[in-house]
Amino acid sequence: MIRVKNLSIHAALSLSFVFLIAATSGLIAYISLQNGKHAVEDLAKHLQVQIAVSIQEKLGDYLAMPRRLNRLNADKIEQGSVTLQDPGGLHPVYIRELHAFDMVAFVGIGIEKQGDFAGAGRREDYFSINLMNRAQDNIYRVSEIDSQGKVIRLLSEIPDYDACTRAWYKSAKQARKAAWSPIYIWATGFDIGITAVLPVYDTAGNLLAVHQSVLTLDFISRFLKGLKIGKSGQVFLMEQDGMLVASSSSEKLIRKGVKDFERFKAAESEEPFIRKAAIHLGAQFGDMNRIPQNYHTNIKIEGKPYFLSAAKLSDPHGLNWIIVTGLPESDVMQQIDINTRTTILLCMAASLAAIQLGLIIARRLTSANQRLELEIIERKQAEEAAESANRAKSEFLANMSHELRTPLNAVIGFSRLMTRSRNLTPEQLENLRIIYRGGEHLLNLINDVLDMSKIEAGRIILNEADFDLHILLDDIKDMFQLRAEDKKLFFDFELDIPQYVRGDESKLRQVLINLIGNAVKFTLEGGIVVRVRGERSGESPLTSDLLPLTFEIQDTGPGMTEEEINNLFQPFVQTAAGYKSRQGTGLGLSISRKFIALMGGDISVRSKPGQGSLFQFSIRVVPVHHLPESVCKISRQVIGLQAGQPSYRILIADDREDNRKLIAELMKPLGFQIREAENGMTAVQIADEWKPLMIWMDMRMPVMDGYEATRQIKSKGDSPVIIAVTASVFEDERALVIAAGCDDFLRKPFKESEIFDILEKHTAICFIREEDSPNSQKHEEKQMDDKLILSAVKALPQELLYELEQASVRGDTLAIERIIEQIRFLDAPLADTLKTLADNFEYDRILELLTKRI
């Protein structure tokens, strides 16, 4: 009986364990498959959007050429360099333009007065000229010319030709502005073309002539064929009426009809994808004009699932095309299918292994020690799997870091705005604090990766300015002093340097924080010494152009082996001590070395295991005698507009609603009138109608980007101040936006103070800041004596006090401001007192109060 009972228990435990493992493995496999499919769909949408943006940018440049050429020819006539009285005299001008604009097929002008015409075009291997001059006769002639512009032979003659009766002329006359003609078939019957037209009027508003520049659309098809959309994806363009414009397939865009060559609709194409996609869009929307800017769906074509995407390509001159891309699901699902099969095999293997393990556990159920060992093994495996997943996630975030800066701008900005609310509960304030801290931490990680990327791309430059070297070193010493004292380490600075210098303060600060931070982190006993000296030569070192500064960071830490020193400055490489600490990315020393080289120096290290390390580097700075007043200026929070100022108009142009809302939320409380635009074209229209004082212009937007919108707005004379807002981390971006006509440059994520500093810099707006407010005296009267302050401090949550202490040690003004706003919800008078100390940079006083609470 005992044996039978043991067998029953053994079987029940084994079967239960096997069932749980199988069910879990199946569930994991299913979830993994579904997550993979969702990730692939997101990737396919992102790829199709990028393809559409690439087509819009490329074709935007291509289609802009004939419009610029028409404008150029109109300016020549207006300036008198050419005349309409001698149409034949325009031929040399047009031939030169055809040489300069190799994608334009024909340039010409129709004259209103007598219907005369002059033009020049390119053939397969020669140029031709067209002329109708009624001052000579009523014959329209097309002639071949040689390289000198002389007529070789007559190609054709047409009597009584009148340019005013032509479709392209009528379309310009009807539009009364720059426009496009309908797409038409060339006389050769081998290609289709489109004409850009521009009517010219005299001062009385009478039509004088119409300029035309002709494009063939075969270039668009060639461009589309060169695009790589997965392995076998396709793309085509069609008009609003469904007529096919271009495609990445080899299908011709015109067919032989009953009488002549003719175009056809995309729904009549012989290519299955083009035909099915056009039919689907027609059935879905009826009128193609109702297709949204970015439309995504899934369809089946000949039994194969496709990711289908449609986007609009339009311009202010009447061009309205639709970009349709199709990506076979198999192109992106192939790797998912392989992973699925691998997952199934692994699940089967895991199930078999689990069965065997269950039998072993069941037989040894009486041994508690063995169960504990098995639990430890499984826990270690789970931790390794989690670490592996985290590494994969980190690599993914590194690749996507640039794209994350724009949403981080909204996350950090709105979390800061919300902490000012007096109506939040402590739990909500804590949640906002977590969001803000997480955003700042993620931004720091992204910046590290981007710094490395910029260094490798050779696109990082120095940002030199005058700064106080003594204050910089004092800030860094304060940042690490308490941490060193907590570990009972001595922490000394030995300085022999000038106070004011010109150099890149930000990069020097980052290098010192990396090196001193490592020293404090890895040193367990003894201490750290930081030596800084200026290598003077001659009698007056401060008057020399360059002063070499030498920095030494010496610690009594664990030291390093020769092999570790050789790999120390490689990206993502850490020493044995670094691996044990499980902190950092392994990028700090690599970035520091690149920054030091950029500042004109080099870094070296001497170390032995168990004897500590000595890092030494030198840079070159320019000594200065004093700092400009603007450098010494302390940023204070803006609380309103000074009295007597009008209600200023501000336009915010950004394709992301959250970014527009963030800037709007910063400015609306101050009394500004705000309007928003989701693309460059809308921004141009609002600027014309509304006449804002300033425009915050995002540089990357659909339909029309910020560069083109800026150029159009600035070309109209009395234009507003335009500030470029961009998530780019490359410094040469500033030169590009200034060249486009922007007045200044703001990088995302931005600080609130940067917004108002730029407003004051470029306009006559005057703000009231905290210390300017007539209520400031009242705030001073609310300050408490030491005993009351200490009592109030002791009543605060310990976690909040610890964070304030750490932020004060680091000198992190943003973190201190955020924590004080949280304290304000709990104790407003104490918050006022702490804010006064923080505004005056009395961090030592704050630390003294926090220390006395213990």
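Select strand β2 (residues 117-122) to begin: this strand is mostly covered, with 5 of its 6 residues buried. Buried here means under 20% relative accessible area, computed with a 1.4 Å probe on protein chains only. Helices (H or I, at least four residues) and strands (E, at least two) are DSSP runs, numbered from the N terminus. The model is a predicted one, in which local features need pLDDT of at least 70 and side-chain atom pairs count only at pLDDT 80 or more, while totals for chains, interfaces and linings use all residues. Residues are numbered from 1 along each chain as its sequence is written, and side-chain values use heavy atoms, with hydrogens and water left out.

**The neighbours of β2**

Two strands pair if DSSP finds at least two bridges between them. Gly-108 has Gly-119 in β2 as its bridge partner. The two strands form a hairpin with 5 residues between them, and Gly-115 in the turn has a positive phi of about 75°.

Phe-117 has Met-132 in β3 as its bridge partner. A hairpin through 4 residues joins β2 to β3.

**The parallel sheet**

Move to the open sheet of 5 strands, ordered β26-β25-β27-β28-β29 with parallel pairing. Its edge strands, β26 (673-677) and β29 (744-747), each pair on one side only. Within the sheet, select β25 (residues 649-653) and β27 (residues 694-698), which run parallel and are joined by 4 bridges. Here Ile-652 stands opposite Trp-696 in β27.

Helix α16 (residues 657-667) lies across β25, β26 and β27, and runs at about 175° to β26. Helix α20 (residues 752-762) lies across β25, β27, β28 (721-726) and β29, and runs at about 175° to β29. Axes are lines fitted to C-alpha atoms, for helices over the stretch in contact, and angles run from 0 to 180 degrees between N-to-C directions.

**A helix pair**

Finally, select helices α17 (residues 680-690) and α18 (residues 706-714), which pack at an angle of about 20° with their axes 8 Å apart. They are therefore roughly parallel to each other (angles under 35 degrees count as roughly parallel). Gly-680, Ala-683, Val-684 and Ala-687 of α17 make the contact with Ala-709, Gln-712 and Ile-713 of α18, where contact means heavy atoms within 4.5 Å.

How values were computed:
Parallel < 35°, antiparallel > 145°, perpendicular 65-115°, else oblique. Buried < 20%, exposed > 50% of the residue type's maximum accessible area, 1.4 Å probe, protein only.
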